[in-house]
Amino acid sequence: MANVAVIGAQWGDEGKGKIVDWLAERADVVVRFQGGHNAGHTLVVGEKVYKLSLLPSGIVRGTPSVIGNGVVLDPWALKAEVEKLRGQGVTITPDTLMVSDTCALILPFHRDLDSLREDASGAGKIGTTRRGIGPAYEDKVGRRAIRVCDLAHLDALGPQLDRLTAHHDALRAGFGEPPVDREALIAELREIAPFVLPFAKPTWRDLNALRARGRRILFEGAQGVLLDVDHGTYPFVTSSNTIAGTAAGGSGLGPSAVGFVLGIAKAYTTRVGSGPFPTELEDATGERLGERGHEFGTVTGRKRRCGWFDAVLVRQSAAVGGITGIALTKIDVLDGFDEVRICTGYSLRGETLDYYPAHAADQADVVPIYETMPGWQETTAGARSWADLPAQAIKYIRRIEELIRCPVALVSTSPEREDTILVRDPFAD
C-alpha cells in the first residue's frame, strides 16, 4: 500500500482539510510537513464544523497526528487550537499528537515584524496573514531560531538569544520600535513550555519506525503549489515550499516514502489576498461563485477572489508538484450555470503561451484563452458515485483531465465528509 501526500494544486483553500479527513480513516498517521498556523482547513462532520490552522486534519478522527519539523510552530496558537478542539469533544493527548522537537518557533516579535513590514510596504503589500510565519522561516534559515527542543533548556538560551536579538533589534529600530524584551520573552516561554513539551518527540524516529512496519502515512500540505516560494506567483507566495517533495524533508522521511501525490483543485479557481489571477471574474458570475462556494478565508475571514478553472496553472502545478492524481472539489458550486469556461492558454502581447510566465509584469499582462462548455441544471450536491453525476458534469471533469494531463482520483460534491466519489484509491497504488 502506498503512502499519500496531499497538496494544494492552486492558491490554497482548495478543500484539503475535508480530503485529508476523508483519507485519514484509512491512514495510520497524518503528518503536517510545512507552513504554520496560516493554513486554514475546515472539516464538516454531521452537525459539527471544525476549523483547523496548525493541527493535522486527522486529529478530528483520532488518527495519530504529527506536526513535522518543516512546520514553524506558534506555541500559543497550538495551545489555543488544542483547547478549542477539546471543547468540541476531540481527544488530544501526547498519544494522538506529536510535535517534532526540531520545529522552529514563531515568537511574538515575529508577528510584530510581519505587521510592521506589511504596513510599511505601500503598493508592495503581498497580503501576508501577519502571523509571523515569514520572519520565523527567515530566522530558521539564518540559524538563529529558537526551536521546540530549546523549551527544555531555557537556562542555556543566552547565546541563541544574542544572535536572535542582534538581528531583530536592528530591524525594530528601523521601524522606531524598542528592542526585544528578553526577560519578558523568557517568562512567556517558561509559561508555555509545560504545555508544549509533553507533545515534543523526535518524530522522524517514530515515523521511520511506522514506515518499517508497513503503516500507512498521510502527508498533509498547507497552502498550494501556486504559493510555493520557488514555483508560485512570486513574491505573492508563502515562505516555504508547498510541493510534495517537501514532505520528505519536512517530516524526516526519505523521498521514497512519499508515494502517491494527490493534488487538490477546485472545479473553479479562488485566491485570497494580493497577486495576479488571470481568470478572476470581477462581475456577477464571480460574485455568484463566491456566494455559492462560501468563499471566505478560514484563517483571515477575507473574501476570496473567484474565477473560472485555469487548466494552465493546474497543469503546471501537477508537473512541478509531482502530482499523481487530482481530487476535484466543489463541483456542486457550478450547478445551474448555463455555461462553464476553462482557461486553456494565455495570450501575452500577441504570443500564445501554454505556461504561466515567471515575471510579475508578464503574469499581470496575460489574457486567458477560454474554452466554453455547456453547463448542467441538475444537482451534483451530495453525489457519491459517477452514476449520480449529470452527463455534462462528467464531460467537464473529463475535459479537465485532458487539459491538465493528470487523472481525477476523487470528486468532492459537498463539504460533508461522505459526499465523495472515489475514482482511484490513492492508498492502493
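**Exercise 1.** Is Arg304 buried or exposed?

*Solution.* Start with the ground rules. This is a predicted model, where local features need pLDDT of at least 70, side-chain atom pairs count only at pLDDT 80 or more, and totals for chains, interfaces and linings use all residues. Residues are numbered from 1 along each chain as its sequence is written, and side-chain values use heavy atoms, leaving out hydrogens and water.

Step 1: take the cut-offs. Buried means under 20% relative accessible area, exposed over 50%, partly exposed in between (1.4 Å probe, protein chains only).
Step 2: apply them. Arg304 has a relative accessible area of 8%, so Arg304 is buried.

**Exercise 2.** Which side chain meets Arg304 in a salt bridge?

*Solution.* Step 1: define the pair. A salt bridge is a side-chain nitrogen of Lys or Arg within 4 Å of a carboxyl oxygen of Asp or Glu.
Step 1: name the partner. Glu295 meets Arg304 at 2.6 Å, N to O.
Step 2: check burial. Glu295 is buried, at 1% relative accessibility.
Step 3: extend. Shared partners join Asp13, Lys266, Glu295, Arg304 and Lys330 into one network of salt bridges.
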